[in-house]
Amino acid sequence: MLLQFTFSNFRAFRETQTLSLAASNSDETLLDNCFQNSLPGLKQDRWVAAAAIYGPNASGKTSVIEALRALGGMITKSAKITDPEDTISRVQPFALDDTGKVEPGAFSVVFVA
């Protein structure tokens with residue numbers, strides 16, 4: 001289960017962004033959507049089973065979903081990528097300034113298997 005997804009230099013986002021599925025300890029209204037599990041190395045012990053991404057138009061919602069898709073594609077098709085000099089087609093760096101084109105993108109996940 002995905003607990004946290006972090007990415008940077010991807011589409012609409014140059015800086016590091018994190019989607020966390022940690023549940024707030026102060027909100028007890030959606031108990032059916034939360035589960036409690038203490039995990040080694042993590043302070044948080046409540047996690048949401050589902051989350052929604054919402055916001056105004058052009059705020060980056062699609063970029064977050066595309067970042068997840070890009071990471072998933074890299075994981076499932078990594079054996080087909082043989083030349084490290086080739087670009088990865090799903091990875092689109094931040095294009096609104098020149099630094100995004102030369103800086104590496106980064107993806108990381110925290111999950112429980």
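## Ring pairs, defined

Rings of Phe, Tyr and Trp (its six-membered ring) pair if their centres lie within 6.5 Å; planes under 30 degrees apart count as stacked, over 60 as edge-to-face and the rest as tilted. By that rule, Phe-5, Phe-7, Phe-10, Phe-13 and Phe-107 are linked into a cluster by ring pairs.

This is a predicted model, where local features need pLDDT of at least 70, side-chain atom pairs count only at pLDDT 80 or more, and totals for chains, interfaces and linings use all residues. Numbering starts from 1 along each chain as its sequence is written, and side-chain values use heavy atoms, with hydrogens and water left out.

## The overall layout

Reading from the N terminus, we get β-β-β-β-α-α-β, so to count them up: 2 helices and 5 strands (DSSP runs, H or I of at least four residues for helices, E of at least two for strands).

Of the 113 residues, 24% count as buried, meaning under 20% relative accessible area with a 1.4 Å probe, protein chains only; exposed is over 50% and partly exposed is in between.

## Inside the cluster

The whole structure has 5 aromatic pairs. Take Phe-5 and Phe-107: their ring centres are 6.4 Å apart with the planes at 25°, so this pair is stacked. It ties together distant parts of the chain, with Phe-5 in strand β1 (residues 2–8) and Phe-107 in strand β5 (residues 106–111), 102 residues apart. Phe-5 is buried at 0% relative accessible area, while Phe-107 is partly exposed at 22%.

Then there's Phe-7 with Phe-13, an edge-to-face pair at 5.5 Å centre to centre and 80° between the planes. Phe-7 is buried at 2% relative accessibility, and Phe-13 is buried at 15%.
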